[in-house]
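Here is my note on the model you sent. Please read it with the coordinates open.

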Amino acid sequence: MSKNLINFSDLTKKDIYNLIELANNFKSEDSLDYRNENLFPDKKIASIFCEPSTRTKLSFEIAAHNLGAKFIDFDLSNSSMNKGETLQDTLEAMEMMGVNLCILRHTESVIHDLVKDFSNMQFVNAGEGSISHPTQTLIDLMTIHESKENFDKLNITIVGDLDHSRVVSSFIEAIEIVGYKSITFCGHPDLCKNFIDSSIGNFESELETALQDADVVMALRIQNERLSEKLSIGAQDYIDRYQVNIDSLQVADPDMILLHPGPVNFGIELCKEASKLENCKIRNQIFNGVGMRMAVLTKLFSQA
Ligand code: CP
């Protein structure tokens, strides 16, 4: 594993399996919580979120707390970046103050270049525009692994706004490392332009065909904040054609598991009833977020 976690080129297949195993090992005896391990009392972790977050930010904070590290929640809106200080200079100031690791979410593809200049502070990419979100994918792989033993036997269907999803980009990077049987991409063509001629999977515009025999179904929300122009499909038409719900899931494999990285716009890409099915693993994904982020922080600190 590299010193930073920016994308999946920082991880080998062995690293991915080791992280899943470590995250599971942090679970409490009853598997309902995570143990508190005072492993890193001298480490300072800061978060900078240039885009909103609930799951990623909170789970990193809880993970840091569980590991005994100090967590500094940097308030961007009240910082000197509002007086013109650059992100680079802000990060340099943090490094000089002794921050050991920065969890960074950004709207643009800048993280990879930014981190090159830092030798004493480590970085985790907590979501980069529509480019990547590696820790979310590690959580998704951990969640799949709880129900499905072999990644390379899986028919995976991903439905929704694929072009603007950082989750799908990282998921593809990772699944190429761990293996898969097939990937089907599905969604309105306005939202899947980069996937219509994909070399690693099939594009299917009909939801029912895309869900046929799927072992893993991942639904994704429309990233309205990233749309540059109005969609050519109306809201009700979109729901009728692309919503994952009890009816549309009938054709999937009976042991299919349903994922969504969140946040979910219930009633649009996913109906509430489907989220209550036993094979819907959205709650597991959120719970696994804490354990996987404990694992990522532990492995990164062991590289420092
Ligand atoms: N999945 C995810 O990144 O959620 P948040 O935006 O709430 O962190």
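The points below run from the overall fold to single residues.

1. **Basis.** This is a predicted model, in which local features need pLDDT of at least 70 and side-chain atom pairs count only at pLDDT 80 or more, while totals for chains, interfaces and linings use all residues. Residues are numbered from 1 along each chain as its sequence is written, and side-chain values use heavy atoms, with hydrogens and water left out.

2. **Fold and dimensions.** The protein has 10 helices and 9 strands. These are DSSP runs numbered from the N terminus (helices: H or I, at least four residues; strands: E, at least two). The C-alpha trace spans about 55 × 45 × 35 Å along its principal axes. The radius of gyration is 19 Å, which agrees with the value near 19 Å for a compact globule of 304 residues. That radius is taken over C-alpha atoms, and the globule rule is 2.2 Å times the number of residues to the power 0.38.

3. Of the 304 residues, 54% are buried (under 20% relative accessible area; exposed is over 50%, partly exposed in between; 1.4 Å probe, protein chains only). Contact means heavy atoms within 4.5 Å. Among contacts with a separation of 6 or more, 75% join residues 24 or more positions apart.

4. **Surface and charge.** The protein exposes about 13600 Å², and carbon and sulfur atoms supply 46% of it (Shrake-Rupley method, 1.4 Å probe). There are 28 positive and 45 negative charges, with mean positions 4 Å apart. Lys and Arg count as positive, Asp and Glu as negative; His and the chain ends are not counted. Each charge is placed at NZ of Lys, CZ of Arg, CG of Asp or CD of Glu.

5. **Domains.** Domain 1 covers 8-133 + 286-303, and domain 2 covers 134-281. Their contact takes 33 residues from domain 1 and 27 residues from domain 2. The C-alpha centres of the two domains lie 26 Å apart. The bounds come from an automatic or database domain assignment.

6. **Backbone points to check.** Most residues other than glycine have a negative phi, and most peptide bonds are trans. A cis peptide bond joins Gly262 and Pro263, with omega about -5°. Pro263 lies in the loop between strand 9 (257-259) and helix 9 (272-275).

7. **Positive phi.** Which loop holds Ser31? Ser31 sits between helix 1 (13-25) and strand 1 (44-49). Its phi is near 60°, and Ser31 is partly exposed at 41% relative accessible area. Asp213 also has a positive phi, about 60°. Asp213 is in the loop between helix 7 (207-211) and strand 8 (216-219) and is partly exposed at 47%.
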